Amino acid sequence: MKITVSPTPLAEQKKGALVVFCQKDEILLTEENDALKKQLADLLKKSAFKGEAGQVTLFPVNDGHAIVAGIGEAKYFHNGLLEQAAAAAVKAGRAAGFKSFAMTSTLALEGVSETDYQLLAGRGAAWGTYEFTTFKTATKKKKAAAALVFAGPVEDRATVKAAEAQGAALCSTADLANSPGNVATPTKIANWAKKMAKENNLTCSVMNEAELAKKGCGGILSVASGGAEEAKMIVLKHAGTDKTAKPIVLVGKTLTFDSGGISLKPGKGMEWMRYDKSGGMAVLTAMQMIARMEVKTPVVGILCAAENMPGSKATRPGDIITAYKGKTVEVCNTDAEGRLALMDALGLAVDLEPRAIVDIVTLTGAVIMAFGGAAAAILGNQPQIVNELIDSGLTAGERLWELPIFKDYSDNMKSDFADLSNISNGTGAGTATAAAFLKEFVPEEIPWAHIDIAGTAWITAAKPHQAPGATLFGARTLAQWVASQD
Ligand code: BES
Ligand code: ZN
Ligand code: ZN
């Protein structure tokens, strides 16, 4: 979506639909749009619109139309609701035939700065245009362009540019993220990453299975051994301008399909396991955002891409494998495969002598038990990085909630036969025991955070702001946090 600025006040914008945000019955327009505000207030009084989060209504105003989008009650507000309201408005507007939209350049809402508003609303508007039509033969090619204007004074256009870049990054990755396991294979993702790198001035190198074997990456290879698709370790680099700085490394779990392997998952809902690559998709998206925002800090993205299948060469429960750098792991459950691919990727990340490592993964069903779709879990080895990421998440509209890695959990991951077991010998705390396992692969002095997005990476039912499918949760936070490190 093209996003531009115009000094002309919102009410005088002539093209397309005007988008106005509403917190319950409070229309969030500033004085210069008083006349429009009064007009809308009268219309709202007579309507069923209550300004609930996700609620959207179209009203005729002047000689055009206004789309009013709700963000709900103040006490429940978080930035994500604003981004979603913008997406819902554009989604509804496009369904009604609009191609261009205008919003005010400032929002009369305490606690949300002008730049945060422009980023959230602009990015949300862009996301509202996204439709996954790749496999719908009738609508495949119908993706009409859309435009957004921020009406009113804009001092610094950098945020508007960032919103446009981030919106484009989300929309460009979404087709890949939504594609099923037979299409979005590790090889396909590697090729996609190479092309994306070229377009965004990143470098991309890919390790195939022979190279992974030579390096001793026994984790990712054991995951991929039961399937026909070749595993790939994909490494993207953003050079940045700060040549002396150590890189930040972002690691994404990229399981193109997780059947569970020999510890086969139940059939019901297994089709959603095509979204087990969502961590990698968030990293691919964040890397594009970082490149387009010209972040100064060098950043490396690592995707461990593999498929978990129960073929005749599959890893058996009880098999002992060796991770990159030598730790041995007893694989007691082949469905706890993400951590096996991740342990190699984390080892490779450590080799880069990074200033910090963040991994983002659809790692445990337990995180869905804990938070549903309302938040992702964050765990780490130092409080500062965890707190920074939580803060960046709040700004970026993605909620992260911290869980502890007690020593008890690390003890639970010991094996009688190898250095570690890939499942806990205790009960419960599945998200934290998985993190305790990964913690073993990162030296204590390197700040490391682990984000489990199994509950937030996709939605199974339509919402006003998006159709069922990948949310690319985490990309926004990672980009926000990385930029804050400059
Ligand atoms: N990919 C799954 C986690 C998952 C579950 C993601 C549901 C999204 C929705 C992961 O590989 C897995 O299967 N984890 C197991 C670990 C267990 C065997 C210790 C789980 O959470 O059940
Ligand atoms: Zn699994
Ligand atoms: Zn998995």
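## The site of zinc ion (ligand 3)

In this predicted model, the zinc ion (ligand 3) is coordinated by Lys253 through NZ, by Asp258 and Asp276 through OD, and by Glu337 through OE, at 2.0 to 2.4 Å. The angles among its six donor atoms run from 77 to 172°, and the site is octahedral. Along the sequence the donor residues follow the spacing K-x4-D-x17-D-x60-E. Distant parts of the chain are linked here, since Lys253 belongs to strand β10 whereas Glu337 sits in the loop between β13 and α9, 84 residues apart.

Are Lys253 and Glu337 buried or exposed? Lys253 has a relative accessibility of 2%, and because the limit for a buried residue is under 20%, Lys253 counts as buried. Glu337, at 1% relative accessibility, counts as buried by the cut-off of under 20% as well.

## The site of zinc ion (ligand 2)

The zinc ion (ligand 2) lies 3.2 Å from the zinc ion (ligand 3), and Asp258 coordinates both.

Asp258 is buried, with a relative accessible area of 3%, while Asp335 is partly exposed, its relative accessible area being 22%.

## Helix α9

Helix α9 comprises 14 residues and reaches 20 Å from its first C-alpha to its last, close to the 20 Å expected at 1.5 Å a residue. Of these 14 residues, 13 are buried, so α9 is largely enclosed by the rest of the structure. Just after α9, Glu353 takes a positive phi of about 45°.

Asp344 has its place in α9, and it is buried, with a relative accessible area of 0%. Although Asp344 and Gly216 are 128 residues apart in sequence, their C-alpha atoms are 8.7 Å apart in space.

## Helix α11

Helix α11 (residues 383-396) also has its span close to the expected value, with 14 residues reaching 20 Å from the first C-alpha to the last, where 20 Å is expected at 1.5 Å a residue. Which residues of α11 are buried? They are Ile385, Val386, Leu389, Ile390, Ser392, Gly393 and Ala396. Seen down the axis of α11, these buried residues fall within an arc of 165°, so they line one face of the helix. An α-helix has 3.6 residues a turn, so residues three or four places apart point the same way.

On the other side of α11, Pro383 and Gln384 are exposed. The helix is followed by Gly397, whose phi is positive, near 85°.

## Aromatic pairs and charges over rings

Nine aromatic pairs are found when the whole structure is searched. One of them joins Phe21 and Tyr117 in an edge-to-face arrangement, with 6.2 Å from centre to centre and 90° between the planes. Phe21 lies in strand β2 (residues 17-23) and Tyr117 in helix α3 (residues 114-127), so this pair ties together parts that are 96 residues apart in sequence. Both Phe21 and Tyr117 are buried, and ring pairs link Phe21, Tyr117 and Phe150 into a cluster.

The rings of Trp127 and Tyr130 are stacked, because their planes are at 5° and their centres 5.3 Å apart; planes under 30 degrees apart count as stacked. Trp127 is buried, and Tyr130 is buried too. Lysine side chains also lie over aromatic rings: Lys277 over the face of Tyr275, at 5.7 Å from the ring centre, and Lys327 over the face of Phe441, at 5.6 Å from the ring centre.

Methods. Residues are numbered from 1 along each chain as its sequence is written. Chains are lettered from A and ligands numbered from 1 in the order in which they are written. This is a predicted model: local features need pLDDT of at least 70, side-chain atom pairs count only at pLDDT 80 or more; totals for chains, interfaces and linings use all residues. Side-chain values use heavy atoms; hydrogens and water are left out. Buried means under 20% relative accessible area, exposed over 50%, partly exposed in between (1.4 Å probe, protein chains only). Rings of Phe, Tyr and Trp (its six-membered ring) pair if their centres lie within 6.5 Å; planes under 30 degrees apart count as stacked, over 60 as edge-to-face and the rest as tilted. Helices (H or I, at least four residues) and strands (E, at least two) are DSSP runs, numbered from the N terminus. A charge sits over a ring if NZ of Lys or CZ of Arg is within 6 Å of the ring centre and within 35 degrees of the ring normal. The expected span of a helix is 1.5 Å times one less than its number of residues. The arc is that of the directions from the helix axis to the C-beta atoms. Donors are N, O and S atoms within 2.8 Å of the metal (3.2 Å for Na, K and Ca); water is not among the atoms, so sites may look incomplete. Four donors count as tetrahedral if all angles lie between 85 and 135 degrees; four count as square planar and six as octahedral if opposite donors are over 155 degrees apart and all others between 65 and 115; anything else is irregular.
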